[in-house]
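Subject: Structure for your study, with notes on what was found

Dear colleague,

Please find the structure below, together with its sequence. The notes that follow are meant to be read with the structure open beside them.

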There are 4 protein chains.
Amino acid sequence: MAETIKVGVYGASGYAGQDLVEILAQHPNVELVFATSNTYKGDPVPGTDLRYIPSEAADLSQLDAVFLALPHTASAPVAALAVSKGVKVVDLSADLRLNTPEAYEQWYHHTHPNPELLPVPYGLPEINRAHIQGANVVAAPGCYPTTTLLGLYPLLKADVLVEGSPIIVDAKSGVSGAGRDPKPNTHFVEVFGNLSPYNPGRSHRHVGEIEQEIHKLNDHVGTLIFTPHLLPLDRGLMASIYVTLKPDFSSKAAQSLYEEMYDGEPLVKVLPPKQQATLKHVVRTNTGAISLTPVTDQYLHVTSVTDNLRKGASGQAVQCFNLMFALPETTALL
Amino acid sequence: MAETIKVGVYGASGYAGQDLVEILAQHPNVELVFATSNTYKGDPVPGTDLRYIPSEAADLSQLDAVFLALPHTASAPVAALAVSKGVKVVDLSADLRLNTPEAYEQWYHHTHPNPELLPVPYGLPEINRAHIQGANVVAAPGCYPTTTLLGLYPLLKADVLVEGSPIIVDAKSGVSGAGRDPKPNTHFVEVFGNLSPYNPGRSHRHVGEIEQEIHKLNDHVGTLIFTPHLLPLDRGLMASIYVTLKPDFSSKAAQSLYEEMYDGEPLVKVLPPKQQATLKHVVRTNTGAISLTPVTDQYLHVTSVTDNLRKGASGQAVQCFNLMFALPETTALL
Amino acid sequence: MAETIKVGVYGASGYAGQDLVEILAQHPNVELVFATSNTYKGDPVPGTDLRYIPSEAADLSQLDAVFLALPHTASAPVAALAVSKGVKVVDLSADLRLNTPEAYEQWYHHTHPNPELLPVPYGLPEINRAHIQGANVVAAPGCYPTTTLLGLYPLLKADVLVEGSPIIVDAKSGVSGAGRDPKPNTHFVEVFGNLSPYNPGRSHRHVGEIEQEIHKLNDHVGTLIFTPHLLPLDRGLMASIYVTLKPDFSSKAAQSLYEEMYDGEPLVKVLPPKQQATLKHVVRTNTGAISLTPVTDQYLHVTSVTDNLRKGASGQAVQCFNLMFALPETTALL
Amino acid sequence: MAETIKVGVYGASGYAGQDLVEILAQHPNVELVFATSNTYKGDPVPGTDLRYIPSEAADLSQLDAVFLALPHTASAPVAALAVSKGVKVVDLSADLRLNTPEAYEQWYHHTHPNPELLPVPYGLPEINRAHIQGANVVAAPGCYPTTTLLGLYPLLKADVLVEGSPIIVDAKSGVSGAGRDPKPNTHFVEVFGNLSPYNPGRSHRHVGEIEQEIHKLNDHVGTLIFTPHLLPLDRGLMASIYVTLKPDFSSKAAQSLYEEMYDGEPLVKVLPPKQQATLKHVVRTNTGAISLTPVTDQYLHVTSVTDNLRKGASGQAVQCFNLMFALPETTALL
């Protein structure tokens, strides 16, 4: 009775890939056929009976769907191949998130490997559900865009921000967001007891993608000022958002605006007034949480949190997958 | 030849008090006469030959100067007594920082215990050195005001912020800032792996004090939006500041403005362009560090960091003390 | 068809109590009727629709079973009351673990509040399953005894330790093991970056209980030397065990001894040779893991790990509960 | 009057090298001439006016002494060259610690690069001061041997351990001990919230060196059982030592034995009875601390702690240097 969907995962040994496999292993409609990892090929895939295989040994033709947790530029060619074989694609990389090859080249400083695939639906279900349902290819956004956009969405949709006023996002991420490859900035000794801004201002590559989606919702807003910071913890992401409201919309009205806008959303929780969203609200869950602080009538502070590997990566990818296959949206996610 | 100044410390077993004793124990001009702690009375005072005595056993009359690292409301009466005996006072509590009893009552919801003492010089030497030199009583500011004001000072002084535009400060502090008394929010398990906003918007008590000092420097600026966060580390404080510049001042000019304004300041370091200030720059030192990011021409992002127990408390108190006694300002601090 | 067992939890807001509620909320055969907390009464119980009630408002007569996550001396009287009403009891406190009131008094320096209850089966299923099945009252052991005894069991059972030789257990625990009440030694600043032995030698209260169970399995072994340490992390417990083997049993044979003894045990995993058990193997799971290092022929080093709140507390309590009600032993635990 | 000694440091950007430069920069008798780093060449050397130079640009002939914080096999050839130029050598690598090329080959699986240099004095001043004073080449031991040998020394010297009884050392180290090169096992996400044994039993390379020194002091003792663990913190090392005493020496006598043996040692502190040595006692200091627990009459538990980068590396190297140049032993170390 229950449909079984044959699924493969590329890049399954990275941190997002590991969480993705963990979720898929418990998904009642999924049969995980293979999981690739060039670095750990031959090792057991935790929570399954599989062993990692190298990418080149993966056979797309057995699949109904494939998840790509690969680095950018490596992902798009596999997506193109999957599409050509009629396999549905959930891409967790940045390759398909920007809608034009020009935008991709601007932010990633590479020619897009497969411009013929663009554009594809942006895989943030709370904002873009209608285009994800039944789609063949979806670009699941990562942790910074997801957390930021969920925190801004009701304001953008209701068009209550002062035209041209900046949107300030002071963001903080756990170290798993930097990937599993050992690098100087992820060495334990460098991170422990420290807090570091990086790629500040408008230099982080996700600025392009966040602005693209902001402008689809609202083209009057001003500059996005976005500063990520590296936190001394493994997982969790907080976007602290500061905005200026139009005179006819008081910050006190934000609470009910958010509650209405996210009413019925199973994977976004708006906290009651006075409570503050913390990482503990979301770590190891597939949900986001949002809290609102009316600073003055015209200034609003929004705290939006996710688990960067879950709602900010793997959980959201499975949420998209569920929509693409017309399964209940929260299957394996609650 | 070297003058010896007899000094006592009240509240010496708290986290700021411990660092203060550590600094004073190495100060060539200081003889530490006593250190009080009601909780740990009788225990050895680390780094000295003393044992903690209870406050009531302390004899102010033997002293040339006293440091008060006591809770607010407990500190002012001791300060008043010291003043009456001709003992110089460096107060690390909040009791003497606000200039009027009315302001104190507004932010601390208590009648001021000793309004006759107000106002006293605000003990931030980089901004207020002239009034601290030779003073008899100084109110040394704590970590949030110090770090925020150092980050804003050149902009306020040069009057380059758009009139009425908000000053946004997203601040993050290590747990020692919450004091040594065990409380639910400082329990290891609650803090570990977490990041939490608290007292957001304009509800933190230090907002009053920060705005008081901002307005002395510049009375055109807009609302202070101030959100502190608790970081999962022991010491260090970061103020992430976002401001809007007047059209005739480009963010690119900020670097040289800060370098000039802090030129010759031994305890504030302006980092070179492109470098970002992190907690590791300052933890366990008595210096602050500042980095500047020109986001666009009109938007500037400033990162200001201190060790909350050092430049944000004990180190600064000793810096004030040195000025009050006409000693070289950095004695025992570098 | 599925039996529903009405269950209450006393002490539900402590760290073990929280995990217990989390497990029970997903247990298909359990209806959670109430959860008590005197400190947090009135607050919502996470993961349920309940609110904490104070102990005195709890009505045992509605229950089929009760879990007691109370401090010692507070637990036994509630257990006695439950027994009198025909309610099955899983006691997570120390009150019922020692078999005689004399032993209790020796280790806890209190007269036992309800000596008439003693002895009850010791709730470590891998060692004592037959006595737990169908029992009315079970004393579930805590983290140190569980982790230590699982690491020693095959050696004791097979009687391969040199008679009279000491058993050395160097143990390390996460901070949640110290409970949720804020205390100086659980303050974040005291624990962060530190490692501390405490209650060394034979002074920890769990020594009595561990030796009691050791001697039931083998009365030839020598002194238990047991040193716990506080680790700077939230959850996880490691017992590093050093033993001397009889001449006719080589350390190289330990691997197969353990594999056979734990063959078929769903909640204890013996790692393959050369792999070392780490906290990451077990944290947030209800299983234990064990690794074996043959140091020389006669000396064996065993590393045994659990999540102190799961297999070391709440998970094990539910495992006992499942056995007491003849449910599949791992229900809600895998 | 004050002698100035010209000094160079090879491998100055590693974690031990950084601390070494920090100490030397404050050493009143030292002029730091160069600091090498092939990875960071050209970058400023913190706390100095120098920039890192590559090894091949370093000119030994300008020096009176050289510190080698290089990997093993890279260090000995530089030492040989320095010796040939009459430059004194403090080697922090493992190259010169084992007394014979055979032992080196056994533990490091390499032919010794410069067997003509062996043997040199083992640079643990508390045990071997007489041979270090005035020496031209010294092999400074690392963190595990230093901490273990300081914890055992009085017992070995007084010959109170049961002949042939094993010496059990359960050791725990902060991550800086694994070096600054990013590796999978030093990635923040792998270490955070974890505790891992590694190289257990007798497989760690320092076992050879520890046993060599043990046997110089006492050749009756039994097997060394040594298990290192990786702690989730940056610096600090604890050796938990378990030994069996001869019938005529009670564990209660250990306290006075240690106090006498270390009486007058400025860099080793024996804690009073009942106090336990923790990492906080020593981190960021050049001293070791030891606490003693008489478990029973015949079993003693010793906790020995150091900062792995200080008394376990750089601080000890400077202590040796001071002895080699007949300077006060604690210069720049207290």
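A residue is called buried when its relative accessible area is under 20%. The model is a predicted one, and the values below were computed from it.

**A buried serine in chain C**

By that cut-off C:Ser173, whose relative accessible area is 2%, is buried. C:Ser173 belongs to strand E6 of chain C, which covers residues 167-173. Which residues does C:Ser173 touch, not counting residues up to four places away in sequence? They are C:Tyr144, C:His229, C:Leu230, C:Leu231, C:Gly236 and C:Leu237.

The ring centres of C:Tyr153 and C:Tyr262 are 6.2 Å apart and the planes stand at 45 degrees, so the pair is tilted. C:Tyr153 and C:Tyr262 are both buried.

Over all chains, the count comes to 36 aromatic pairs. Ring pairs also link residues of several chains into a cluster: A:Phe188, A:Phe192, B:Phe188, B:Phe192, C:Phe188, C:Phe192, D:Phe188 and D:Phe192.

**How chains A and B are related**

Chain B is superposed on chain A by a rotation of 180 degrees with 0.0 Å of shift along its axis, and the RMSD is 0.0 Å. The two copies are thus related as by a two-fold rotation axis. Of the interface residues of chain B, 100% are also interface residues in chain A, so the copies meet through the same surface.

**Two helices of chain B**

In chain B, helix H4 (residues 125-132) packs with helix H9 (residues 310-324) at an angle of about 30 degrees, and their axes are 10 Å apart. The crossing of H4(B) and H9(B) is right-handed. On the side of H4(B), the contact is made by B:Pro125, B:Glu126, B:Arg129 and B:Ile132. H9(B) contributes B:Lys311, B:Gln316, B:Gln319, B:Cys320, B:Leu323 and B:Met324. Sorted by class, the residues in this contact are 5 nonpolar, 2 polar and 3 charged.

Helix H1 of chain C spans residues 15-25, and its buried residues are C:Tyr15, C:Gly17, C:Asp19, C:Leu20, C:Val21, C:Ile23 and C:Leu24. What do the buried residues of H1(C) pack against? In chain C they pack against strand E1 (5-10), strand E2 (30-35), strand E3 (65-68) and helix H9 (310-324), and in chain B against helix H6 (188-191).C:Gln62 is in the loop between E2 and E3 of chain C. With a relative accessibility of 37%, C:Gln62 counts as partly exposed. Leaving aside neighbours within four places in sequence, C:Gln62 is in contact with C:Lys6, C:Val33 and C:Phe34. C:Gln62 and C:Lys85 are 23 residues apart in sequence, and their C-alpha atoms are 9.6 Å apart in space.

**Backbone details**

The peptide bond from A:Leu118 to A:Pro119 is cis, with omega near -10 degrees. A:Pro119 is in the loop between helix H3 (101-108) and helix H4 (125-132) of chain A. In chain C, a cis peptide bond joins C:Leu118 and C:Pro119, with omega about -10 degrees.

The loop between H3 and H4 of chain A also contains A:His109. Phi of A:His109 is near 55 degrees, a positive value in a residue other than glycine. A:His109 is exposed, at a relative accessible area of 66%.

A positive phi, near 65 degrees, is also found at A:Arg284, again a residue other than glycine. A:Arg284 lies in the loop between strand E10 (268-270) and strand E11 (288-294) of chain A, and is partly exposed, at 38% relative accessible area.

With kind regards

Key. Residues are numbered from 1 along each chain as its sequence is written. Chains are lettered from A and ligands numbered from 1 in the order in which they are written. This is a predicted model: local features need pLDDT of at least 70, side-chain atom pairs count only at pLDDT 80 or more; totals for chains, interfaces and linings use all residues. Side-chain values use heavy atoms; hydrogens and water are left out. Axes are lines fitted to C-alpha atoms, for helices over the stretch in contact, and angles run from 0 to 180 degrees between N-to-C directions. Helices (H or I, at least four residues) and strands (E, at least two) are DSSP runs, numbered from the N terminus. A crossing is left-handed if the near helix is turned anticlockwise from the far one by less than a right angle, and right-handed if clockwise. Contact means heavy atoms within 4.5 Å. Ala, Val, Leu, Ile, Met, Phe, Trp, Tyr, Cys and Pro count as nonpolar, Asp, Glu, Lys and Arg as charged, and the others, Gly among them, as polar. Copies are superposed by least squares on the C-alpha atoms of residues with pLDDT of at least 70 in both. Rings of Phe, Tyr and Trp (its six-membered ring) pair if their centres lie within 6.5 Å; planes under 30 degrees apart count as stacked, over 60 as edge-to-face and the rest as tilted. Buried means under 20% relative accessible area, exposed over 50%, partly exposed in between (1.4 Å probe, protein chains only).
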